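Student: I have a model to go through. Can we check the labels against their cut-offs?
Tutor: Gladly. Ask about any label.

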Amino acid sequence: MSTQLTYIGLGSNLASPLEQVRQALVELAMLPLSRLVATSSLYVSRPVGPQDQPDFINAVAALETRLSPLALLDQLQALEQQHRRQRQRHWGPRTLDLDLLLYGNSQISTPRLNVPHPQMTARAFVLAPLAEIAPSLNLHQQPITAWLAGIELPDLERLPHA
């Protein structure tokens, strides 16, 4: 299989979220048939959905991979399980959330996977870090910077590099 450039969204709001995301970035770099090529800054964002939960730490990683989309999804879900992810309620708190945002130029719609990620163009916590590491990227024939300009960013804070 040829190498594909993929983008992975990361998020955590439980059990030391900063460390959860930092550790997940290290673990992404160790995935088989894959190479971590870029990571964004870390961002703090308000939760989507129920507000009775802590703020999230978010980031985006660029990964070159020879894994198929579903094999990559399996690897991401295995990492979530290693971080003791529990799916108790929709948009609820989590130790680690890994979303396959983009897989090359592929458009995928299966019961297990939708790529490009269906909500990514409406989420500042995805667009801001993605624009940071891929400013010339186009989504749905529109520059990522145009998508970012069209959404509110009041509850998104970029953390200083440690």
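Student: Which residues of H1 are buried?
Tutor: Gln-20, Val-21, Ala-24, Leu-25, Glu-27 and Leu-28. Buried means under 20% relative accessible area, exposed over 50%, partly exposed in between, with a 1.4 Å probe and protein chains only.

Student: How do you know which side of H1 they are on?
Tutor: They cover an arc of only 165° around the axis, so they sit on the same side of H1. The arc is taken from the directions from the helix axis to the C-beta atoms. These buried residues pack against strand S1 (4-12), strand S2 (34-39), strand S4 (56-65) and helix H2 (69-82). Contact here means heavy atoms within 4.5 Å.

Student: What basis do these values have?
Tutor: The model is predicted: local features need pLDDT of at least 70, side-chain atom pairs count only at pLDDT 80 or more, and totals for chains, interfaces and linings use all residues. Residues are numbered from 1 along each chain as its sequence is written, and side-chain values use heavy atoms, leaving out hydrogens and water.

Student: Why is Ser-16 called partly exposed?
Tutor: Its relative accessible area is 48%, so Ser-16 falls in the partly exposed class. Ser-16 is in the loop between S1 and H1.

Student: What makes Gln-141 buried or exposed?
Tutor: The relative accessible area of Gln-141 is 77%, so this residue is exposed. Gln-141 lies in the loop between S8 and strand S9 (142-143).

Student: Which peptide bond is cis?
Tutor: The bond from Val-115 to Pro-116, with omega near -5°. Pro-116 is in the loop between strand S7 (114-115) and helix H3 (124-133).

Methods
Helix = DSSP H or I, 4+ residues; strand = E, 2+ residues; numbered from the N terminus.
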